[in-house]
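Thanks for coming. I will take a few minutes to walk through one structure, starting with a single residue and then widening out.

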Amino acid sequence: MSVTVAALAAAVVAVLPATAAAAADAPEPVRHAAPADHASYIVTVRRDLDPAAVARTVGAAPQYVYRTALHGFSARLSPGQVAALRAMPGVEAVRADGQVSGFGT
């Protein structure tokens, strides 16, 4: 039995480098990205709506989907997508993403 295990181990070791090389040559998946000139927004929606589905209705690709403290998504949006979302029932807010800081004691 130990001969079979040794033969199997040798076969696996012989195949791994070839498999790793093939994986290294495989192209990476193409990710959809909004144009860099589109601003990033945070969109909040009613709890009974699926944030990802709302994003899809305007052709947006969410960078993040929030379902806990915030219910919505963030995405780079064109001005037309922003207008469509603001007019959509169930969308609570569409705000430009930005940095915030806190102060106080």
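Is Gln81 buried or exposed? Gln81 is buried, because its relative accessible area is 13%, and buried here means under 20% relative accessible area, with exposed over 50% and partly exposed in between, using a 1.4 Å probe and protein chains only.

Before going on, some housekeeping. This is a predicted model, in which local features need pLDDT of at least 70 and side-chain atom pairs count only at pLDDT 80 or more, while totals for chains, interfaces and linings use all residues. Residues are numbered from 1 along each chain as its sequence is written, and side-chain values use heavy atoms, with hydrogens and water left out.

Back to Gln81, which is found in helix 3. Its side chain reaches the backbone nitrogen of Ser78 at 2.8 Å. Leaving aside neighbours within four places in sequence, Gln81 is in contact (heavy atoms within 4.5 Å) with Val58, Gly59, Ala60 and Arg76.

Now the chain as a whole. There are 3 helices and 4 strands, and from the N terminus the order is α-β-α-β-β-α-β. Helices (H or I, at least four residues) and strands (E, at least two) are DSSP runs, numbered from the N terminus. Of the 105 residues in the chain, 25% are buried. Among contacts with a separation of 6 or more, 58% are between residues 24 or more positions apart. The accessible surface comes to about 7700 Å², and 62% of that belongs to carbon and sulfur atoms; the areas come from the Shrake-Rupley method with a 1.4 Å probe, and for residues only the protein chains shown count as cover.

Next, the inside. The largest nonpolar core has 14 residues. A nonpolar core is a set of buried Ala, Val, Leu, Ile, Met, Phe, Trp, Tyr and Cys residues joined through side-chain atoms within 4.5 Å. Those with the most contacts inside this core are Val43, Phe73, Leu77, Leu85, Val91 and Val94. Two or more residues each come from strand 1 (39-45), helix 2 (51-57), strand 3 (71-77), helix 3 (79-87) and strand 4 (91-96). Take Leu85: not counting residues up to four places away in sequence, Leu85 touches Val43, Val54, Val58, Phe73, Leu77, Val91 and Val94.

What does strand 1 pair with? Strand 1 is joined to strand 3 by 6 bridges, running antiparallel, and to strand 4 by 5 bridges, also antiparallel. Two strands pair if DSSP finds at least two bridges between them. On the strand 3 side, Ser40 has Arg76 as its bridge partner; on the strand 4 side, Val45 stands opposite Val91. Strand 1 is mostly covered, with 5 of its 7 residues buried.

Last, the charged pairs. How many salt bridges does a search of the whole structure find? The search finds 2, where a salt bridge is a side-chain nitrogen of Lys or Arg within 4 Å of a carboxyl oxygen of Asp or Glu. One joins the side chains of Arg46 and Asp48 at 2.8 Å, N to O. Arg46 is partly exposed at 35% relative accessible area, whereas Asp48 counts as exposed at 58%.

Another is between Arg67 and Asp50, with the closest N and O atoms 3.0 Å apart. Arg67 lies in strand 2 (residues 64-67) and Asp50 in the loop between strand 1 and helix 2, so the pair ties together parts that are 17 residues apart in sequence. Arg67 is partly exposed at 48%, and Asp50 counts as partly exposed at 32%.

Note on methods. A polar contact is a pair of N or O atoms within 3.5 Å; within protein, one must be able to donate a hydrogen and the other to accept it, and residues adjacent in sequence count only if both atoms are side-chain atoms.
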